[in-house]
Amino acid sequence: MVIMALAVLVGVAMIALGALASLYGARVHASTAADAAALAAAVGTYPAAGAGDPVSEAKRYARMNGATLTECHCPIDRTLSVRQVRVIVEMKVPVPVFGVIPIWAGANAEFDPALWLGR
């Protein structure tokens, strides 16, 4: 009986450890997606850079990294002033036994059009 209980306990521990590892990996992946989305959006805030709409670019780069853009504070600015953007992305992670768990990650990026232009 003790051996059977110990086997069940080890099995549950292995499942929990696998779920934690899966969540940790997804968190790292979501952070990468958020970083990529923020960098793409930052350049897009300066129309002369020709990068496209910042929100569309953030969505595209988040999607390319397996995430969904949920928030983008990235206003377009035609001046040469330094600007910052903030994005938040979400990933849905299937975890055995626990189902699908959402993971969010955020990132900030800064863009200086004057430096980009070499001034």
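Author: Let us begin with a term: a residue is called buried under 20% relative accessible area, exposed over 50%, and partly exposed in between, with a 1.4 Å probe and protein chains only. By that rule, 31% of the 119 residues of the chain count as buried. Please keep in mind that this is a predicted model, in which local features need pLDDT of at least 70 and side-chain atom pairs count only at pLDDT 80 or more, while totals for chains, interfaces and linings use all residues. Residues are numbered from 1 along each chain as its sequence is written, and side-chain values use heavy atoms, with hydrogens and water left out.

Reader: Which helices and strands make up the chain, and in what order do the elements run?

Author: The chain has three helices and three strands, and from the N terminus on the order is α-α-β-β-β-α. Here helices (H or I, at least four residues) and strands (E, at least two) are DSSP runs, numbered from the N terminus.

Reader: Is the chain a compact globule or more spread out?

Author: The chain is more spread out than a compact globule, because its radius of gyration is 20 Å, well over the 14 Å that the globule rule gives for 119 residues. That radius is taken over C-alpha atoms, and the rule is 2.2 Å times the number of residues to the power 0.38. Along its principal axes, the C-alpha trace spans about 75 × 20 × 15 Å.

Reader: What about helix H1, how far apart are its end C-alpha atoms?

Author: The end C-alpha atoms of helix H1, which covers residues 2–44, are 63 Å apart, and this agrees with the 63 Å that its 43 residues should span at 1.5 Å a residue. The expected span is 1.5 Å times one less than the number of residues.

Reader: And which residues of H1 are buried, and what do they pack against?

Author: The buried residues of H1 include Ala19, Ala26, Ala30, Ala33 and Gly44. The buried residues of this helix pack against helix H2 (54–64) and strands S1 (68–73), S2 (83–95) and S3 (99–111), where contact means heavy atoms within 4.5 Å.

Reader: Let me move on to the loop between H1 and H2. Is Thr45 buried or exposed there?

Author: Thr45, which lies in that loop, counts as buried because its relative accessibility is 0%. Not counting residues up to four places away in sequence, Thr45 touches Pro54, Cys74, Pro75, Ile76, Asp77, Arg83 and Val85.

Reader: And Ala48, buried or exposed?

Author: Ala48 has its place in the loop between H1 and H2 as well, but Ala48 is exposed, with a relative accessible area of 55%. The C-alpha atoms of Ala48 and Val8 are separated by 62 Å, the two residues being 40 residues apart along the chain.
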